[in-house]
Amino acid sequence: MTAKVSIIGAGMTGSTTAHWLAERELADIVLVDIVEGMPQGKALDLMEAMPVVGKDVTITGSNDFKATEGSDIIVITAGLPRKPGMSRDDLLKTNAEIVGKATTETLKYSPNAIYIILTNPLDTMAFLAMKIGKLPPNRVIGQAGILDSARMRTFVGMELGVSVENINCFVLGGHGDTMVPLTRHSNVAGVPLKDTMPAEKLNAIVERTRNGGGEIVSLLKSGSAYYAPSAAVAQMVEAILKDKQLIVPAAVFMQGEYGLKDIFFGAPVQLGRNGIEKIIEYDLNDEEKAALLRSAAAVQETTEALVKLVAI
Ligand code: APR
């Protein structure tokens with residue numbers, strides 16, 4: 001393969017990302033983790049699955065960042081997962097150190113890579129990666145919007161009994177309890193979402209979407225969601241490597257869009273070979289704008305907390 005994707009953190013999300021990517025035969029894959037033997041073992045196991053699924057990709061595991069040399073995309077999932085009752089923001093300091101190191105170390109070997117950040121709180125971790133790496137904003141993308149929108153699409157599909165392929169939903173804002181599911185911009189095969197079910201049902205879906213991450217954390221008891229987050233990364237990687245110009249929601253550095261500045265925030269973006277090719281601005285009504293501003297305030301607070309904790 002000519003393309004190379006390195007995944008920092010070979011835990012649940014990292015290794016499942018490798019799985020989705022390998023199945024799509026998109027790139028050679030490197031898994032890096034601090035735990036000795038684990039990334040090597042997972043990489044070899046996955047590589048041994050390739051003859052069965054008929055895909056020619058090389059998957060390597062390592063404890064050394066040098067293995068990531070020449071990557072087109074670096075995915076950072078390294079960090080501590082959220083435990084029940086723990087907010088994403090509790091993880092701030094520890095994960096900032098881990099993500100900071102992962103960014104500086106990988107940049108040494110892949111100075112032109114595009115970064116996809118999953119480690120939570122991801123809006124803030126993406127901000128940190130951009131600042132620490134002195135990266136242009138188009139090369140740092142936080143994964144959240146595809147996941148949050150996919151959760152909403154799942155719940156709509158469960159309610160209506162139609163194919164998830166017919167359901168388009170857009171969830172914007174920070175990846176947290178203040179996220180903004182945009183019902184007015186969502187539809188089922190072109191029919192506005194609000195016309196497909198009673199308002200109470202739709203409100204319940206919006207609420208469940210907002211709590212989507214917490215719902216999985218409570219069920220799992222330890223660890224957090226990984227299948228859907230990693231599937232979202234695979235879609236982003238594919239859009240970038242194939243220069244698809246795919247419009248999806250993702251966390252992106254705001255420079256005046258939606259009236260926001262200097263924070264990473266979930267907005268519709270066009271993904272292509274340069275990473276973020278464009279930020280799309282929806283025409284929002286007053287209620288939607290107010291919800292976005294509330295969400296931005298929450299992200300701003302965590303970003304300010306980070307800036308106090310880490311010298312960036
Ligand atoms: N360098 C490399 N890997 C590290 C480092 C580091 N400095 N510190 C921790 N790790 C690794 C851990 O050893 C572990 O294998 O990161 C991995 C994290 O994997 P999991 O604990 O399985 O967590 P996961 O469910 O994958 O979530 C990772 O993504 O969705 C977010 O909130 C989630 O921030 C969390 C991240």
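Modeller: The following account takes up the helix pairs in turn.

This is a predicted model, in which local features need pLDDT of at least 70 and side-chain atom pairs count only at pLDDT 80 or more, while totals for chains, interfaces and linings use all residues. Residues are numbered from 1 along each chain as its sequence is written, and side-chain values use heavy atoms, with hydrogens and water left out.

Helices are DSSP runs of H or I with at least four residues, numbered from the N terminus. Helix H3 spans residues 92-109 and helix H4 residues 122-133; their axes come within 9 Å and cross at roughly 40°. Axes are lines fitted to C-alpha atoms over the stretch in contact, and angles run from 0 to 180 degrees between N-to-C directions. H3 is therefore oblique to H4, a term for angles that are not under 35 degrees (roughly parallel), over 145 (roughly antiparallel) or 65 to 115 (roughly perpendicular). On the H3 side, the contact (heavy atoms within 4.5 Å) includes Leu-92, Ala-96, Val-99 and Leu-107; H4 contributes, among others, Met-125, Leu-128 and Ile-132. The residues of this contact divide into 8 nonpolar, 6 polar and no charged.

Helix H1 (residues 12-23) and helix H2 (residues 38-53) pack at about 25°, with axes 11 Å apart; H1 and H2 are therefore roughly parallel to each other. Their contact involves Ser-15, Ala-18, His-19, Ala-22 and Glu-23 of H1, together with Lys-42, Leu-46, Met-50 and Val-53 of H2.

Definitions and conventions:
Helix = DSSP H or I, 4+ residues; strand = E, 2+ residues; numbered from the N terminus. Nonpolar A, V, L, I, M, F, W, Y, C, P; charged D, E, K, R; others polar.
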